[in-house]
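Work through the exercises below with the sequence and the model side by side. Try each task before reading its solution.

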Amino acid sequence: MQHNLLEHGGNLRDAVHSFKRPLSEWLDLSTGINPRFYPAPIVADHAWHRLPEHSDELLAAAKAFYGAPEMLAVAGTQAAIQSLPLLRLTAAGQSRVVVSAPSYAEHAHQWRRWEHQVTECLYSGLDAAIDEADVVVLCNPNNPTGEVIAPETLLRWAKRLEARGGWLIVDEAFGDTNPNLSVAAHTHQSGLIVLRSVGKFFGLAGIRLGFVAAHPTLLQRLAAHLGPWTISGPAQQVAIAALRDHAWQTDTRHYLELQGQRLRGLLIDAGMSSSGTDLFQWVSHRDLSGRTELLWHFMAERGIWLRWFAQAPFRPHGVRFGLPGDEIGWQRLSHALMEWTQQYA
Ligand SMILES: Cc1ncc(COP(=O)(O)O)c(C=O)c1O
């Protein structure tokens, strides 16, 4: 079993250390987290004081928001990503797992930790790979490239896998700005597992909360594996408010659409074509003539922290831009991109 931890965005302390710039002076665009996060209400005293019991209210709010028949709350989708490979350890041996790539690296990593046979596969090759797999894992929309797969296609793949006792795991952590893509409503079908996170659209990554939508039998196994008190009382109360706040959700979808357009526009002005979602944009090595590390370094020298994806098998290099949270941040980014264009375009 491997124990190494992977690198992720949001690692601002590395930025402070490597570029000798104090924390307060950084513009952190290294994640895809909504910078205008849900304004968490003050929570009731008992949330701090009592052990957090299972909350039917939280599940009802989540099922209504995500449109899923059954859900389990987990401490971030990460908790499910780490646990699902364990639930596939059977006497019959490890599973053949196909993971879409390039993608959120934890998926392949966690399946490998338990010595399942992992193959990473480009989005374009997934259809052909389904029949050779016991488990297929993908992100829809994908982080970092923003690629999407139509729900009808996913449901067909899920059926093919289900017929052999297989699983299709669809990570919809970035799905909240495009709810039409979701297959959460179909998770009564055994073998289809959907992951949702309150970390991205709601911007509540710090409360460590996500949800799994799946067949009740699988949810029961996962709940038994995770044990009691996995979601803190404060996290439960904040999430109930956020998941029920339709006015905030509508306003935020609109806000993020405009912010996403603004980011795409700035990158186009800088001569870069990009792909992504309303929460982030991905500029690949092709769009930068291979100068991805140079761009990342150039921005870091100006106090702008991007996420650079170094080249690795099936992980073509590229740079991901998150959204600035205020006008000063936008101006800083715009100015730095202009300098980049003058120097390198
Ligand atoms: C695609 C994707 N899925 C899941 C996660 C894990 O998110 P969380 O554990 O905060 O729900 C991340 C985090 O960056 C992600 O990018």
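Contact here means heavy atoms within 4.5 Å, and angles run from 0 to 180 degrees between N-to-C directions. The model is predicted.

**Exercise 1.** Find the order of the strands in the open sheet, and state which stand at the edges.

Solution.
Step 1: The sheet has seven strands, ordered β2-β8-β7-β6-β5-β3-β4, and its pairing is mixed.
Step 2: β2 (71-74) and β4 each have a single partner strand, so they are the edges, and one side of each lacks a neighbour in the sheet.
Step 3: On average, neighbouring strands are turned by 20° against each other, direction ignored.

**Exercise 2.** Describe how β2 is joined to β8, and which helices lie on this part of the sheet.

Solution.
Step 1: β2 and β8 (residues 210-213) run antiparallel and are joined by four bridges.
Step 2: In one of these pairs, V74 has G210 of β8 as its bridge partner.
Step 3: Helix α3 (residues 56-66) lies across β2, β7 and β8, at about 115° to β2.
Step 4: α4 also packs on the sheet, where it touches β2, β6, β7 and β8; its direction makes about 155° with that of β7.

**Exercise 3.** Decide whether helix α5 is largely enclosed or open, and say why.

Solution.
Step 1: Buried means under 20% relative accessible area.
Step 2: By this cut-off, seven of the eight residues of α5 (residues 106-113) are buried, so the rest of the structure largely encloses this helix.
Step 3: Among the buried residues are H107, W111 and R113.
Step 4: The buried residues of α5 pack against α4 (77-87) and several strands, including β3 (96-101) and β7 (192-197).
Step 5: Just after α5, E115 takes a positive phi of about 60°.

Definitions and conventions: Residues numbered from 1 in each chain as written. Predicted model: local features only at pLDDT ≥ 70, side-chain atom pairs only at ≥ 80, totals over all residues. Heavy atoms only, no water. Buried < 20%, exposed > 50% of the residue type's maximum accessible area, 1.4 Å probe, protein only. Helix = DSSP H or I, 4+ residues; strand = E, 2+ residues; numbered from the N terminus. Pairing = 2+ DSSP bridges.
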